[in-house]
Amino acid sequence: MKKVTLFLSAILIISALFISIIYFRTPKAVKMGFIADLTGRQSQLGISVRNGFLMAIDEINADGGINGREIIPILKNNENDLEVCLRETKKLIDEEADVIIGPLTSAMVVPVLEASGDTPVISPTVSTDRVTGIDDMFFRVIPAASMQGKALAEAVIKNNEQKVVIILDERNIEYTGAFADGFKEKYEGATGIKLQIISFSDKSQLIGISHSLIEINPDALVFVSSGVDAAGIIQQYAKIADLPQLYSSYWGKASNVHEYGGSTVENMILIAGFENPIKKEKEIEFQENYRARYKIDANFAAQYSYETVLLYATAAQNGKSTNPQTVKSEILKLEFFEGITDNYSLNEYGDVIREQTLFIIRNNEYDYY
Amino acid sequence: MIITKTKNSIRDFFIIFMVLTIILPLLTLGIFSIIASAGSLQEEITKANTEQLAIINSNIEQYINSSIDELSSIKYLLDQGTVYDSSIMNFMLESITVSHDQILSTEISDENGILLNTYPHDPVRIGTDISGYEYFKRALISETGFWSSSFIPEQLDSPVSSISQPWKGGIVTTFFSLENLQSFVELSISHNQDRFITITDQRGVYIAHPEKDKVALRENDTSFRYFQKKWSGEPISETMTYNDGKYLTYVSIIDSAGWKVALYQNISTLRKPGLIMSAWIFLLTIIVLSFAYILAEKLINGITDSLNDLISTARNIADGNYQPQLPSMEFLEFNELSDSLTKMTEEIHLRETELIYSEQMQKNIINSIATVLIGIDGEGIVTLWNQHVEKTTGLKAAEAIGKHLDNVVPRLSEEMDKILEAIETDRKLENKRIPYEIDGEHHFENISVYPLTGNIRGAVIRIDDVTENVRIEEMMIQSEKMLSVGGLAAGMAHEINNPLAGVLQTASVMGNRLSDIKDIQSNIKAADEAGTSIESIKKYMKIRGIPRMISSINESGKRVAAIVENMLSFARKSEQQTSSYSLNTLIDRTIELAATDYDLKRDYDFKSIKIIREYDESLPEIPCEGAKIQQVLLNIFRNGAEAMNEAETKESRFVLRTKADLYNRKVFIEIEDNGPGMDEETQKRIFEPFFTTKPVGVGTGLGLSVSYFIITENHNGEMSVKSKKGVGSTFTISLPF
């Protein structure tokens with residue numbers, strides 16, 4: 001009896017040891033938090049960001065993870081609500097996320113940074129100037145909104161547009177305001193012509209705005225709004241009068257203004273992320289994989305989201321650690337990062353330095369301008 | 001016999017036996033039942049799930065077909081109409097939309113994408129351009145229409161899809177809610193852990209899911225692509241992992257819309273009956289085991305008690321108690337075993353007694369052998385040490401056994417390598433006549449090594465002291481040599497004797513005729529015939545010393561004759577004048593004779609030599625020639641005395657011993673002096689004829705050789721000498737009686 005007991009005890013002990021060894025030998029997973037608007041008004045872009053995020057994680061995991069550690073995604077939806085965003089970000093911190101990818105909109109960056117503490121936050125789409133030039137744990141792969149505005153202003157100036165009206169969405173004022181400021185600074189600085197800014201905060205205002213614009217009879221309309229809202233104004237404008245030259249921020253292309261606008265947005269000039277006239281192999285591969293996976297084309301939000309994950313993975317891999325300070329140091333140390341479309345780097349404040357491209361809509365498609 | 005000791009107890013064995021005989025059949029039965037029931041259960045569940053899936057499919061088809069049918073009727077009207085009538089179309093759109101819950105809105109656009117009609121009526125939208133929308137682009141070029149993928153409009157929180165069909169002047173589109181699909185999912189199967197349904201659109205995005213968030217969050221079904229590739233028109237059934245759980249997944253694809261309907265059946269459900277059955281089997285096993293254990297415990301206790309008694313008895317027997325008290329056993333078999341044990345004990349006792357006797361006998365034999373017997377193992381460690389070796393070394397067996405042979409018999413150190421080699425090679429080793437010294441005396445021994453047979457590594461070493469044998473052999477060689485030399489000398493003497501007799505006789509006649517010339521007639525006549533006279537001849541002889549010469553011839557001749565007489569005695573067995581003599585008396589007489597011997601007295605005073613007598617008073621009288629024995633003894637005394645004199649030995653002495661060996665019927669005389677002794681070479685040759693250590697002319701070298709022959713040839717005795725230079729010599733004579 002004693003022998004049988006001993007035998008069973010030995011088996012239990014050996015099993016426990018074996019399980020312990022297996023458990024302790026399994027490297028701890030990297031927890032990658034994600035927060036964006038997955039429902040609500042911005043959810044279309046949020047879904048794209050999530051798609052790029054998940055695709056990158058799956059690819060990295062398939063290649064062995066970060067330093068042999070698997071990445072576990074933790075997804076949170078901020079529902080385009082500041083309070084929800086703060087709450088969900090805190091949850092990510094409670095769940096010991098090593099990094100937070102997000103948020104989607106500039107408006108949400110404040111609650112995210114309030115809750116994230118020392119955890120690195122890398123945003124694919126936040127471009128507000130509010131967090132520009134600050135030595136913190138926030139990084140981004142999209143140029144600052146003011147830089148986007150300045151870049152588009154250069155095109156407007158070049159086209160010698162005299163009466164320019166900016167239409168911006170107040171609901172995302174962090175972004176639209178900064179874009180408009182950059183645009184204004186550049187345009188007015190260069191031409192000395194005062195431009196007009198019209199804002200809206202509700203869909204019901206769009207018809208009224210279109211009528212107002214017709215009365216203004218501008219040479220150029222610059223939309224700092226989503227594609228559907230821009231198209232909503234343009235469609236109504238077009239029903240009554242000939243359209244002036246149309247311009248749009250990143251947001252327009254990202255939210256498929258061409259789809260909502262149809263023929264009315266033909267010849268619209270848009271500023272957007274850099275794209276090569278001749279697609280790079282990496283870009284083609286990314287697009288093909290994305291399409292195979294999600295049955296749609298990847299937009300810049302999906303691409304930038306994908307890049308944020310790769311950027312973090314590269315930094316953690318190089319630093320052989322997910323320690324926040326190590327990751328920060330490694331990100332800033334990168335001379336350049338090979339993005340999907342272009343190589344870029346981040347300055348000492350974690351703000352990206354990368355090229356932008358002007359597009360024009362021709363035959364309901366985006367062409368290089 | 002090698003016995004592999006096992007540590008398994010009867011109790012352990014019995015428990016294992018019980019486990020194997022009770023649990024294994026139950027387990028086998030259980031597993032078989034589980035597999036059989038799981039198989040049939042899986043078939044039933046698969047059938048039910050497939051049917052369920054078909055029903056859901058049918059419902060969905062019906063759901064979407066009603067929208068398609070309505071759309072087709074509008075298309076038909078549009079295609080048939082010659083003029084586009086907005087009010088009619090408005091009415092049509094209204095009737096369709098209102099009559100179908102799922103239809104949210106319907107719209108008609110021209111071929112440029114300009115909206116012509118919408119229901120609900122939306123004047124803001126009418127006139128706007130929808131040509132950028134994918135559904136417009138795709139529907140326009142499609143013959144059968146286009147299903148858009150799902151999307152969630154800003155103002156709704158549930159997914160929407162659209163179906164567009166081209167008409168001759170543009171497209172007609174209906175937007176319908178997919179919310180009802182959610183109710184299909186929820187109504188068709190109550191959502192629980194075991195079974196649930198999901199529906200995804202043509203891009204793999206969930207449009208109905210028990211977890212509504214997945215729809216709201218536009219999550220993708222990661223298995224969608226996989227099933228889409230596998231789709232061949234028939235429902236697919238596969239095991240998939242979902243949320244870390246294993247599910248048997250039944251999938252069908254709705255061809256018209258490209259949606260995937262998946263029914264997930266938790267595999268654990270299939271296992272549940274098996275688990276319940278397992279639990280029952282386990283319970284049954286425990287109950288059976290418990291009863292079996294109680295019975296077995298009683299049985300085991302009976303067996304183990306009996307065994308313990310037997311073990312205890314066996315231990316007593318092992319300790320030498322051959323009168324065991326065996327208790328009565330509970331089981332018949334153990335009583336038989338007990339009887340056998342008693343019988344075995346008696347036999348063991350008998351055998352042990354015999355063994356002890358045998359061992360004692362062997363020990364006695366080994367100890368009785370007057371030979372050194374040492375047993376060693378393969379490493380040279382002593383294992384056997386007989387009494388003889390105890391005597392020779394002074395070491396007791398207890399002191400020697402266990403020690404290395406080197407340490408207990410140091411003189412074997414040099415032989416150690418050979419001894420170990422003999423053990424290794426299993427070859428007998430014999431080293432003969434190995435010399436060694438004890439107290440300065442040379443000894444010889446034979447060392448024999450006999451490797452042990454069988455599997456035991458070791459050897460028995462026998463050491464025989466052959467010193468005496470060597471000496472005897474040497475003596476025999478000496479004896480043979482002397483016999484041959486003696487024969488030669490005797491032969492020569494015989495040959496010399498006849499001519500010598502002639503010489504002596506002639507010399508005697510010559511003396512008579514020349515020296516002591518008698519005035520006898522024949523002499524006078526002869527002188528006359530020679531022209532001289534007797535007186536002249538006498539005078540001449542005297543002047544020339546002839547008589548002295550003749551006398552010298554006679555003297556020398558007699559001396560030669562005496563030598564020849566001695567030499568002849570080497571070969572001749574004299575006619576013995578034997579009678580019984582007491583050797584002690586003969587020795588004493590010889591001592592007296594020596595003391596009065598003129599020659600001895602001339603050179604030294606024999607009386608100054610101390611005579612120590614150590615006679616055996618019980619010595620029997622022996623038959624011998626007394627004079628001859630005295631001659632021998634006198635010779636020995638003379639030689640000894642001369643040697644001691646020459647060496648100027650202080651306190652010179654003779655020790656005279658006699659003793660009898662009644663068993664061998666021999667008497668021994670030992671004459672020991674404390675003279676200068678002899679070296680080995682001298683000892684070897686001392687009895688040779690004509691061998692002398694004295695200057696030429698002083699001795700003939702025949703004294704001891706004649707003595708030797710007297711003892712050996714005339715009396716069948718033995719004579720030997722032992723001597724040590726500087727210590728003295730001992731002559732030993734043995735005579736038979």
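**Entry 1: a strand and its neighbours**

I started with β11(B) and β12(B), which run antiparallel and are joined by three bridges. I'm working from a predicted model, so I keep that in mind as I go. β12 covers residues 382-385 of chain B. I picked out one bridge here: Ile374(B) has Trp385(B) in β12(B) as its partner.

Next I checked how the chain gets from one strand to the other. β11(B) and β12(B) make a hairpin, with four residues between them. In the turn I found Gly380(B), with a positive phi of about 90°.

Which other strand did I see β11 of chain B pair with? That one is β15, residues 458-465 of chain B, and the pairing is antiparallel over six bridges. I noted one pair of residues: Val372(B) is bridged to Ile463(B) in β15(B).

**Entry 2: a helix with two sides**

I moved on to α17 of chain B, residues 583-596. This helix has 14 residues and spans 20 Å from first C-alpha to last, close to the 20 Å expected at 1.5 Å a residue.

Which residues of α17(B) are buried? I listed Leu583(B), Leu586(B), Ile587(B), Thr590(B) and Ala594(B). They sit on the same side of α17(B), because their arc around the axis is only 100°. On the other side I found Glu592(B) and Thr596(B), which are exposed.

**Entry 3: stepping back to the chain**

I finished with totals for chain B. I counted 21 helices and 22 strands there. Of its 737 residues, 27% count as buried. I also looked at contacts with a separation of 6 or more in chain B: 59% of them are between residues 24 or more positions apart.

Technical notes: Residues are numbered from 1 along each chain as its sequence is written. Chains are lettered from A and ligands numbered from 1 in the order in which they are written. This is a predicted model: local features need pLDDT of at least 70, side-chain atom pairs count only at pLDDT 80 or more; totals for chains, interfaces and linings use all residues. The expected span of a helix is 1.5 Å times one less than its number of residues. A residue is buried if 20 or more other C-beta atoms lie within 10 Å of its own, exposed if 12 or fewer, and partly exposed in between; C-beta atoms are placed from the backbone. The arc is that of the directions from the helix axis to the C-beta atoms. Two strands pair if DSSP finds at least two bridges between them. Two residues are in contact if their C-beta atoms, placed from the backbone, lie within 7 Å.
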